[in-house]
Amino acid sequence: MPEEALSNPRLISYLVEKLSNMVTSIVDTHAHLDMAPFDQDRNEVISRAKLAGVSTIITVGIDIGSSRQAVKLADKYQHIWATTGFHPHEASRVNQEQIDELAVIANHPKIVAIGEIGLDFYRNRSPKEQQFQALEWQLELADKLNLPVIIHSRQADREMLAVLRNWLSSRTQNNKKAVGVIHCFNSDLDIAKKYINMGFYIAFGAYISYPASQHLRTVIRGIPPGRLLLETDCPYLPPQQHRGKRNEPSYLSLTLGIVAEARRTSPDKVATETTQNAYHLFDLNSH
Ligand SMILES: [Zn+2]
């Protein structure tokens, strides 16, 4: 191809489209594309992901600012969707007014979930009481807006199961919409089944490639095909071969490979199932 062709934007987007149709399509259900590590090359990262078969990306808010940035990205790219929420690390800064602000952001047509929200008793960057309060306010909001939730739970599964059980029993929106996802799942199969029985999906990222995560293979094998999701949590948690560097959505196919191997099935099958699951949970067809 002549050198000049590479600077022709129409030709480039034509090629990206062609190539992305040739590979199995997968959905990155949890990325943080607004974050600073992507400031220098965000557009390239997004194009590279498409070339690697990542047909859809959900970029996740962790506070008001990042939620607004997520919405901007979703406005700019048709295949990117956004979520809004306060990460448990931010819980000590959350008050009712800010929850009202989340509600305003959540009105945007490309917002598909409230998250990420949750409990983190590993890092404990916010006091426990405030983490519970922020989580409860945001669960209420998700119910009011009839949106699914993206749950971050670190060393807090016992408490999280209790909070979610309570929430589900008091929900006012009792329709058939899916309830949410447990992101970066890292517990055992018993806990996973408890979440699944409550209606949650279970998402795995590239940390399953780490030597210390080998035990998760049995968990991955035990998840029903209709409840499994793929995610990167980029720029965090890169695959083993990129450790110490930035993670990005184009690496998601490495996770797909490991999940397929753990489930003793083909990557194509996992790609089809997880893509369907993501479309269902976040209701992407009707947005
Ligand atoms: Zn995250």
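The following exercises, each with a worked solution, concern a predicted model.

**Exercise 1. The zinc site**

Identify the residues that coordinate the zinc ion, and determine why the arrangement of the donor atoms is irregular.

Solution. 
Step 1. The zinc ion is coordinated by His30 through NE2, His32 through NE2, Glu116 through OE and Asp233 through OD, at 2.0 to 2.3 Å.
Step 2. Along the sequence, these donor residues follow the spacing H-x1-H-x83-E-x116-D.
Step 3. His32 and Glu116 are both buried.
Step 4. For a tetrahedral arrangement, all angles must lie between 85 and 135 degrees. The 4 donor atoms around the zinc ion subtend angles of 87 to 172°, and the arrangement is therefore irregular.

**Exercise 2. Strand S3 and its partners**

Determine which strands pair with S3, and in which sense.

Solution. 
Step 1. Strand S2 (residues 54-59) pairs with S3 in the parallel sense, over 3 bridges. Within S3, Trp81 stands opposite Ile58.
Step 2. Strand S4 (residues 111-120) also runs parallel to S3 and is joined to it by 3 bridges. Here Thr84 has Ile114 as its bridge partner.
Step 3. Next, consider the covering of S3, which spans residues 80-84: 5 of its 5 residues are buried. One face presents Ile80, Ala82 and Thr84 and the other Trp81 and Thr83, and both faces are covered.

**Exercise 3. Helix H3**

State how far helix H3 reaches, which of its residues are buried, and what they pack against.

Solution. 
Step 1. H3 (residues 64-76) comprises 13 residues and reaches 19 Å from its first C-alpha to its last, close to the expected 18 Å.
Step 2. The buried residues in H3 include Ile64, Ser66, Ser67, Ala70, Val71, Leu73 and Ala74.
Step 3. Residues three or four places apart in an α-helix point the same way, because there are 3.6 residues a turn.
Step 4. The buried residues of H3 pack against H2, S2, S3, helix H4 (96-106) and S4.

**Exercise 4. The nonpolar cores**

Find how many residues the largest nonpolar core has, and which of them have the most contacts inside it.

Solution. 
Step 1. The largest nonpolar core has 75 residues, and those with the most contacts inside it are Ile151, Leu164, Phe185, Tyr195, Phe200 and Phe204.
Step 2. Another core lies apart from it and has 16 residues, among them Trp81, Ala178, Leu229 and Ala278.
Step 3. Take Tyr195 as an example: not counting residues up to four places away in sequence, the residues that Tyr195 touches include Leu164, Phe185 and Phe200.

**Exercise 5. Backbone features**

Locate the two cis peptide bonds described by omega values of about 5° and near 10°, and decide whether Cys184 and Asp283 are buried or partly exposed.

Solution. 
Step 1. The cis bond with omega of about 5° joins Gly115 and Glu116; Glu116 lies in strand S4.
Step 2. The cis bond with omega near 10° runs from Cys234 to Pro235. Pro235 lies in the loop between strand S8 (228-230) and helix H9 (252-262).
Step 3. Cys184 is not a glycine, although its phi is positive, about 50°. Its relative accessibility is 18%, so Cys184 counts as buried.
Step 4. Asp283, also a residue other than glycine, has a positive phi near 50°. With a relative accessible area of 26%, Asp283 is partly exposed.

Technical notes: Residues numbered from 1 in each chain as written. Predicted model: local features only at pLDDT ≥ 70, side-chain atom pairs only at ≥ 80, totals over all residues. Heavy atoms only, no water. Buried < 20%, exposed > 50% of the residue type's maximum accessible area, 1.4 Å probe, protein only. Helix = DSSP H or I, 4+ residues; strand = E, 2+ residues; numbered from the N terminus. Pairing = 2+ DSSP bridges. Core = buried A, V, L, I, M, F, W, Y, C linked by side-chain atoms within 4.5 Å. Contact = heavy atoms within 4.5 Å. Donors = N, O, S within 2.8 Å, 3.2 Å for Na, K, Ca; no water. Tetrahedral: all angles 85-135°; square planar, octahedral: opposite > 155°, others 65-115°. Expected span 1.5 Å × (residues − 1).
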